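Welcome! Here is a short briefing for anyone meeting this structure for the first time. Have a look at the sequence and the model, then read on.

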Amino acid sequence: NKSQPQNETELQELVSRAFEAHTKGFLTEARGRYLQLLDYFPEVPVLHYNLGLICYEEAEYKKAMDSFTLAARFNPHDLDIIFNLALCQKKTGDLEGALDTFKRVLEEDLEAVDTLYNLAGCYRELHRYAEAIETYLRLLQVDPDHPSANNNLAFIYHLTGDKKRALSHYARVLEINP
């Protein structure tokens with residue numbers, strides 16, 4: 001283990017090498033560099049965030065969630081951190097937690113399409129179809145050509161016996177993506 005950076009230049013070099021390794025896809029190297037930096041600077045949210053991204057890319061969702069949780073503790077208003085935390089909650093099966101976390105993002109950004117889509121997906125997976133329908137419709141107000149939202153909405157309408165609306169949304173999917 002290397003000693004703590006002695007000056008600003010050494011610190012910038014460590015950070016630069018970590019970001020470069022991450023950008024180039026050298027995830028093991030980047031992880032090690034982020035962990036080294038976190039030993040020195042445990043309260044820097046971007047380091048926890050980037051470590052979370054690596055864990056997520058490597059399908060280590062629990063570890064990613066832990067990193068995003070720490071990043072959010074130090075920067076609770078960063079919507080990207082909160083969104084990624086919710087994705088991890090969803091991946092680890094904590095759908096109720098993911099619902100609450102996605103809703104936190106929507107408090108700040110009412111038209112966040114990816115957040116609306118994932119929130120609706122959580123409702124769908126929990127068989128809370130009325131809330132899923134409402135959320136998909138809200139998403140489609142922002143992005144009427146969202147093929148997956150139209151498709152999922154058609155599927156839920158089909159499941160709940162509303163064949164007319166199901167057909168309408170399936171037709172829309174075909175219009176968008178013939």
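The expected span of a helix is 1.5 Å times one less than its number of residues. Helix H3 has 13 residues, and from its first C-alpha to its last it reaches 18 Å, close to the 18 Å expected. Please keep in mind that this is a predicted model.

- The buried residues of H3 are Pro45, Leu47, His48, Tyr49, Asn50, Leu51, Gly52, Ile54 and Cys55.
- Helices H1 (8-23) and H2 (27-40), together with H4 and H5, are among the elements that cover these buried residues of H3.
- Although alanine 59 is not a glycine, its phi is positive, at about 60°.
- Alanine 59 has a relative accessibility of 46%, so it counts as partly exposed.

- Helix H7 covers residues 113-125, which makes 13 residues, and its end-to-end C-alpha reach of 18 Å is close to the 18 Å expected.
- Its buried residues are Thr115, Leu116, Asn118, Leu119, Ala120, Gly121, Cys122 and Tyr123.
- The cover over the buried residues of H7 includes helix H5 (79-91), helix H6 (95-108) and helix H8 (129-142).
- H7 is followed by histidine 127, which lies in the loop between H7 and H8.
- Histidine 127 is not a glycine, yet it has a positive phi of about 60°.
- With 55% relative accessibility, histidine 127 counts as exposed.

**Aromatic pairs**

- How many aromatic pairs does a search of the whole structure find? The search finds 6 aromatic pairs.
- One of them joins tyrosine 49 and phenylalanine 68 in a tilted arrangement, with 5.6 Å from centre to centre and 55° between the planes.
- Tyrosine 49 lies in helix H3 (residues 45-57) and phenylalanine 68 lies in helix H4 (residues 61-74), so this pair ties together parts that are 19 residues apart in sequence.
- Both tyrosine 49 and phenylalanine 68 are buried.
- Tyrosine 56 and tyrosine 61 form an edge-to-face pair, with centres 5.0 Å apart and 70° between the planes.
- Tyrosine 56 is partly exposed at 22% relative accessibility, and tyrosine 61 is partly exposed at 21%.

- Cysteine 88 belongs to helix H5.
- Is cysteine 88 buried or exposed? Its relative accessibility is 0%, so cysteine 88 counts as buried.
- Apart from neighbours within four places in sequence, cysteine 88 is in contact with Tyr56, Tyr61, Ala64, Met65 and Phe68.
- Cysteine 88 and phenylalanine 19 are 69 residues apart along the chain, and their C-alpha atoms are separated by 22 Å.
- Histidine 169 is found in helix H10 (residues 163-176).
- A relative accessible area of 15% makes histidine 169 buried.
- Which side chain does the side chain of histidine 169 meet in a polar contact? The partner is the side chain of asparagine 150, at 3.0 Å.
- Not counting residues up to four places away in sequence, histidine 169 touches Leu140, Asn150, Leu153, Ala154 and Tyr157.

**Salt bridges**

- Side chains of opposite charge can pair when their charged atoms come close.
- Across the whole structure, a search finds 12 salt bridges.
- Glutamate 29 and arginine 33 form a salt bridge through their side chains, at 3.1 Å from N to O.
- Glutamate 29 and arginine 33 are 4 residues apart in helix H2, so about one helical turn separates them.
- In this pair glutamate 29 is partly exposed at 37% relative accessible area, whereas arginine 33 is buried at 17%.
- Glutamate 131 and arginine 128 form a salt bridge whose closest N and O atoms are 2.7 Å apart.
- Glutamate 131 is partly exposed, with a relative accessible area of 30%, and arginine 128 is partly exposed at 26%.
- The side chains of aspartate 162 and arginine 165 also meet in a salt bridge, at 3.0 Å from N to O.
- Aspartate 162 is partly exposed at 23% relative accessible area, and arginine 165 is partly exposed at 47%.

How values were computed
Residues are numbered from 1 along each chain as its sequence is written. This is a predicted model: local features need pLDDT of at least 70, side-chain atom pairs count only at pLDDT 80 or more; totals for chains, interfaces and linings use all residues. Side-chain values use heavy atoms; hydrogens and water are left out. Helices (H or I, at least four residues) and strands (E, at least two) are DSSP runs, numbered from the N terminus. Buried means under 20% relative accessible area, exposed over 50%, partly exposed in between (1.4 Å probe, protein chains only). Contact means heavy atoms within 4.5 Å. A polar contact is a pair of N or O atoms within 3.5 Å; within protein, one must be able to donate a hydrogen and the other to accept it, and residues adjacent in sequence count only if both atoms are side-chain atoms. Rings of Phe, Tyr and Trp (its six-membered ring) pair if their centres lie within 6.5 Å; planes under 30 degrees apart count as stacked, over 60 as edge-to-face and the rest as tilted. A salt bridge is a side-chain nitrogen of Lys or Arg within 4 Å of a carboxyl oxygen of Asp or Glu.
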